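Please read the points below with the sequence and the model at hand.

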Amino acid sequence: MRLFIILLCFLTLLSCSKEDTKIAVLISGEGRMSKVRGFEDGLRALGVKNIKLDVYVGDNNLKKLEEKAIEVINKLDEYKLIAVGGSIEAYYLKKLKPDMKKPVVIMGGTAVKAWGLTDSMSRPTYNITGVDNLNAELMEKRMEIFHRIFPHIKKVVVFCTPQFEASKLATRITVKAGEKYGIRVVPVSVRDALDLEYVISHMKEDGFGGIIITPCFYTENFLTSYILQYANFYQVPVMCLSPEQAKGGCPVSYGSSGYEQGYQAAFIAYRLLKGEQVKDVPFEKVRNIKLVINQKALRELGIPYDPQIISLADQVLR
């Protein structure tokens, strides 16, 4: 009998040691998978064992995203916490379940307070915390950099999603920054890639010289690749948000990578997994902000080599 009890205890301990750290991950589209990879790598680096991420993808469709959020909510008991790709995913969870008991970690969100996701960055509310990627706040600096590299351009387009307050905020900041540098910024809403190509193909005849990418559900998830493709074809300079976009052909980007945002968010999730309360785990500003210049893309635009400009970059892609 004693041997049986000892064996039972041993098997119980073994079972506990192999228990999965099960986390639901809700992302609006494949464009945010780099955040998921960074998040998982961060948890592994912290020694979290048996990580199991159930990833729910909204396929760049708001109705589908809401359906996926409902799926997550219906399975809350299975998860230790929920990680989300950005502010819009957290917004849908909060909208559908205002009394959320499971911790929610944003793996890089924009304009968190504008979305109504917390009343305080230092003492989070609504059981939501995470990384603030500062993408809205950085728009003024992006306009400054764009003006420095393309001083001849006086009129630009921004593609935005007008139904979301965060997109409106980023656009307002961009418009105001444009006034400071003598650049007229015109917001344009597009429904799909066909709309996008039409606008870009007619930009020059309408007097527009460039495109400024702002933080936006549609552009981040799938339109950016089309913007870069069409802008390259029609020889239109673009200012982007992240190093990944510069690697994808954007001439210049200023911001943090999705991978780094996810990696940083893992440290916040780790504290929650260890038992800390969300209200005691403040939002963190993203740490790794880089200016990346794609020299090849600049050459293709006919921009001459300028050592002073290149010296500003944290990374130069040749």
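Predicted model: local features only at pLDDT ≥ 70, side-chain atom pairs only at ≥ 80, totals over all residues.

How many aromatic pairs does a search of the whole structure find?

1. The search finds 7 aromatic pairs; rings of Phe, Tyr and Trp (its six-membered ring) pair if their centres lie within 6.5 Å, and planes under 30 degrees apart count as stacked, over 60 as edge-to-face and the rest as tilted. The pair of Tyr91 and Tyr92 is edge-to-face, because the ring centres are 5.5 Å apart and the planes stand at 80°. Ring pairs also bring Trp115 into a cluster with Tyr91 and Tyr92.

2. Residues are numbered from 1 along each chain as its sequence is written, and side-chain values use heavy atoms, with hydrogens and water left out.

3. Of the 318 residues of the chain, 52% are buried.

4. The secondary structure comprises 12 helices and 13 strands; helices (H or I, at least four residues) and strands (E, at least two) are DSSP runs, numbered from the N terminus. Strand 6 (residues 155-159) is mostly covered, with 5 of its 5 residues buried. Lys155, Val157 and Phe159 lie on one side of this strand, and Val156 and Val158 on the other.

5. Which strands pair with strand 6? Pairing requires that DSSP finds at least two bridges between two strands. Strand 6 runs parallel to strand 7 (residues 184-188), with 5 bridges, and parallel to strand 8 (residues 210-213), with 4 bridges. Phe159 has Val188 as its bridge partner in strand 7 and stands opposite Ile213 in strand 8.

6. Finally, the overall dimensions deserve mention. The C-alpha atoms fill a box of roughly 85 × 40 × 35 Å along the principal axes. Among contacts (heavy atoms within 4.5 Å) between residues at least 6 apart in sequence, 72% join residues at least 24 apart.

Notes: Buried < 20%, exposed > 50% of the residue type's maximum accessible area, 1.4 Å probe, protein only.
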